[in-house]
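Try each task before reading its solution.

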Amino acid sequence: MHITRRTILAAGAVTAVATVFPRPHVAHAALPLTQPALPFAQADLAPVISEKTVSLHYGKHHKAYYDKLNTLAAGTRYADMELVEIVKEAAKSEAAEDIKIFNNAAQAWNHVAYWDQFVPGGPNRPEGDLGARINETFGDYDGLIKRAVDVSDTVFGTGWVWLTRDDDNKLALIGYEDGNNPVAVGRPAYLGIDIWEHAYYVDYENRKAEHIRSVLEKLVNWRVVEERMSA
Ligand SMILES: [Fe+2]
């Protein structure tokens, strides 16, 4: 299963199954939205993600989503919204200008969630109740990794794999195309794995699966994921 923009529009009536966690974005009441600082130094994720990749990914790609969003949303009904509200509102429209705003707002939001979930050196495993739920859903932690890789292969082009909840309200890894994300369809976003080539190609070339495995084994701060689940 993977989610496209058409899926999101078709799922407009989905009821929120959990409160969206308050992070990753600090509250903003008006444009311009400011790209939050990284919660670590750009070299701190190496060797899993190199300083060069973080520099390009954060400093060029992520920044560009904010810049484009601030330009596109100026003078519109989105101008005084918090970022996540822009994502949810723009997802409801098929108008070309709203799709552009959605794409940039979603990617701005997605990447804040992405950076915020990493911690250099770990902790790198779910524990306690969360660990038990992971094992129940995926067999064990390696099962979660394998599932993430399998799901990433269902996304043909650019996109994300998000740990969220499925239609049965169970923990699930779901693939989303482009900048689409769970919050646009009223679902919680616990953990996001960026599978756009800009996230890994400098370091891993075409070895996407190796990148996903390395990130899940060595960088994810599962304490942040626990906070998102309890928010
Ligand atoms: Fe990215």
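A residue counts as buried when its relative accessible area is under 20%, and as exposed when that is over 50%. Keep in mind that you're looking at a predicted model.

**Exercise 1.** Find the protein donors of the iron ion and work out how they are spaced in sequence.

*Solution.* Start at the metal: the donors are H57 (NE2), H111 (NE2), D194 (OD) and H198 (NE2), at 1.9 to 2.1 Å from the iron ion. Next, go along the chain, where the spacing reads H-x53-H-x82-D-x3-H. Now take H111 and H198: they are 87 residues apart and link distant parts of the chain. H111 belongs to helix α4 (residues 96-116), while H198 sits in the loop between β4 (191-194) and α7 (201-204).

**Exercise 2.** Decide whether H111 is buried or exposed, and do likewise for H198.

*Solution.* H111 has 0% relative accessibility, so it is buried. H198 comes in at 16%, so it counts as buried too.

**Exercise 3.** Explain why the arrangement of the four donor atoms is irregular.

*Solution.* Look at the angles around the iron ion: they run from 91 to 138°. A tetrahedral call needs all angles between 85 and 135 degrees. The range found here makes the arrangement irregular.

**Exercise 4.** Describe how strands β2 and β3 pair.

*Solution.* β2 (residues 159-165) runs antiparallel to β3, with seven bridges between them.

Methods
Residues are numbered from 1 along each chain as its sequence is written. This is a predicted model: local features need pLDDT of at least 70, side-chain atom pairs count only at pLDDT 80 or more; totals for chains, interfaces and linings use all residues. Side-chain values use heavy atoms; hydrogens and water are left out. Donors are N, O and S atoms within 2.8 Å of the metal (3.2 Å for Na, K and Ca); water is not among the atoms, so sites may look incomplete. Four donors count as tetrahedral if all angles lie between 85 and 135 degrees; four count as square planar and six as octahedral if opposite donors are over 155 degrees apart and all others between 65 and 115; anything else is irregular. Helices (H or I, at least four residues) and strands (E, at least two) are DSSP runs, numbered from the N terminus. Buried means under 20% relative accessible area, exposed over 50%, partly exposed in between (1.4 Å probe, protein chains only). Two strands pair if DSSP finds at least two bridges between them.
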